Amino acid sequence: MAEAGSEVDGCDNHSPTASISSGENTVWADVSPLLIAACKDLQDGELIHGENFSLFAAMSALEIMDPKMDSGVDNGRYYSVDEAIENGAAPVPISFDKTIDVQCTIDIMDHLLSCEATWHKGHSLAQTIFSCIYLLRLDRTLAHPLLHSYCRIIRSTCNAVISVVSDARTHEEEDLFTMAYGLTLTGDGDDKCLSLLNAIEETLSRQLRACKAPSSKRRVLEGNIEPLQNNLALEEGLCKALLCRLRFRKHFYHVLISMRRPQGRGLELARKHISSCLLELERIRKSWEFLRDKVFGDNIEDRTTASGRQPIGFDPNLNLRLSAPTPPRSIKTLSWIKAIEYFEKLLNDLDIICSFSMDPLVENILWFVVQFQKSQPDLVARSHLQLLLIQDAKLYGRDSIFAVICRAAALPEVTKDHDIQKDEVVMQLGGLLINLLKIVCTNIAWQRRKLGKILHDWRVIHMQLEFTFKKVLAEMSSFPSEENVCMRLAKHILIWVEEQTYWIASRFLILGFELELYSPSEYCMVYWYLYVILIKLAEKIHLKVVAANDISKRKGKKKRDSSMELRQKDYQIPPTDSLLQCHICLAEGLTMMLASLRNERKVFQCLGPFNTEDERFSQHFELLQKAWLPEYTTYFTFREYTSRASFSTLIMYNRFKDAQRIAKELKDSFENDPEKMDELKRIEQVAEHNSIALNLICRVGVIDPSLKVSFEFSHHPYFAVAVVKRS
């Protein structure tokens, strides 16, 4: 809308382009030029909107005919469970023909597996697992022991998964996940679900042994054991198909229960059950060859059962009306093959968690979590990781958070019992660390948003700690020995808090690359800001090392260490610091390469009719700027730093070669750490490719119009590689 002016009043009201009045002092305005400009400037994923239409309003809008949001698209056949049962939707027994009954039971098991994977992926429990009518009326299955035991273990598994996700509070990422919609998740006898399953498994094992026995023994066995069904040619295959499905459910339930044992005591046992689960999943996958229906052939990509048949006893729309907090959704259940792949990945992720050494050092914990997140683990795995790290406000349920902070700050072990841990501000610092460990376990989009918000909290806690330590030191001035201990403790903790703050800032920037939040024209400013943050992080780590060496010196003097040994300790750079130096070199090298391209080839510049480069700088780094990270870092310092960059200077001071050299020197230090060795290989590849690209640009000629330069993330998740081509 635009304000009506004098020119509008003079318009010909009969003209086809005349303005149509829509209110007092307002007219309709032609936005075609704006839309044309927007089409030229906006990239995929970007949004243009007026001041009165926010992103929240856009996300809250209901899309008509969208199957996920429009509840009127598919209302289902039945209005209640009882109506579905009366119409024969879930018969018990499923069939009076035992062979068909067993085959249909396997179909139900397979479809429930697909529903469970779909639920884990973020859809509601009511429309996935509890679309099974047999689960909604579990008492009806008592006459069918096989189906009853399977449904009961499924319900117990759902309860265990909801418990772990709720306790970890990661369900905030997917509000639908933990909603039970009034459905029954527990019942009398659920504690005996494993006993029931074991009894059925034992019966099936005996039936399998009977059908595999030689003909001479089979008659004797058949007299004592009733076969599973009437077709003896199918007996062995059906018994095996059922056994692997039951055993998978049993072992998976054991995994969930074992991983919840306090202080990581059940991790070894969980790994054994994970191994068994993966073995049974492979057998389930292979059972497809026996179970597949000839009608469907080999194409079961979209089928939710191994046979390819539609399962009996399901209606995904039956519980639509239970989804009160959100619009009812019409969902697409994952296929049987995709469900198996999901559980294989979930189990492998859980196995990585179980194999974690439960390192007490924060730096190593954060490294492990960051590496773990690269595989994009789903909600259930991340919830288990968070609960392993934080139990009863303690690390792994055993180490107090103040002791963890003292260890991270390179303080002596004796300081963990200092009375200052009872101070309110120090306790708040412990809360911030707990919150940080929880945040890094969330999905990367949620994680980045939360990391940006807590930067200010870490900055404020540093100021509060400075005030608190000054106050405590003033009170202890009459006790020199206590004053020295407190002064040392204050110095170390303050340095560590700053180090952690800059680590959060670096993680915040890096996640922007993984989420593809930056356009190529913004890479220069982002790499520059990352370079500045990493430099400050390296400074704080160095200060911590120096402070730790001061303590070692004091101990060394008491033990009369030689001055030569002390000197060697002073100048020994930890390998992790050198690895950080590699990242600094790459960030600086990419900053200068992009700046040189901007200055000499006039490419990768922030142009367009909407946001200026200054505005984009403010939008990307607003949270860092508010927290003064680092101090006096503005758009103008970025412009000043990059305005004189040129290829002639860049080729003389090739930071990519520095990164490559340091990475090679570090290989011996990390030969027993495969993850860090992989990182060194990635750094070498990025450095080598960018060095080649840099030399090529300089050799061919910077101003050659046929030369096209682009950047891609083919070797590293957040350090780009320049690709040079001739058009």
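**View 1. Residues lining the second largest pocket.** In this predicted model, 36 residues line the second largest pocket, and those nearest its centre are Glu-363, Trp-367, Trp-503, Ile-541 and Thr-576. The space in this pocket comes to about 890 Å³. Sorted by class, its lining consists of 19 nonpolar, nine charged and eight polar residues.

**View 2. Helices around the second largest pocket.** Several helices each give at least two residues to the lining of this pocket. They are α14 (362–373), α16 (401–408), α19 (480–514), α20 (523–558), α22 (575–600) and α27 (674–700).

**View 3. Helix α5 and its surroundings.** Helix α5 runs over residues 98–120, 23 residues in total. From first C-alpha to last the helix spans 33 Å, close to the 33 Å expected at 1.5 Å a residue. Of its 23 residues, 20 are buried, so α5 is largely enclosed by the rest of the structure. A residue counts as buried when its relative accessible area is under 20%.

**View 4. The two ends of α5.** Just after the helix, Gly-122 has a positive phi of about 120°.

**View 5. A sheet of three strands.** The strands of this open sheet follow the order β3-β4-β5 and pair in the antiparallel sense. At the edges stand β3 (390–391) and β5 (399–400); each has a single partner strand, so one side of each lacks a neighbour in the sheet. Two bridges join β5 to β4, which covers residues 394–395. Opposite Asp-399 of β5 stands Leu-395. In general, strands of a sheet pair through backbone hydrogen bonds.

Conventions:
Residues numbered from 1 in each chain as written. Predicted model: local features only at pLDDT ≥ 70, side-chain atom pairs only at ≥ 80, totals over all residues. Heavy atoms only, no water. 1 Å grid on protein atoms, 1.4 Å probe; cavity = no way out; pocket = protein on both sides within 12 Å on 5 of 7 lines; lining within 4 Å. Points joined across faces, edges and corners; volume = space filled by probe spheres on them. Helix = DSSP H or I, 4+ residues; strand = E, 2+ residues; numbered from the N terminus. Nonpolar A, V, L, I, M, F, W, Y, C, P; charged D, E, K, R; others polar. Expected span 1.5 Å × (residues − 1). Buried < 20%, exposed > 50% of the residue type's maximum accessible area, 1.4 Å probe, protein only. Pairing = 2+ DSSP bridges.
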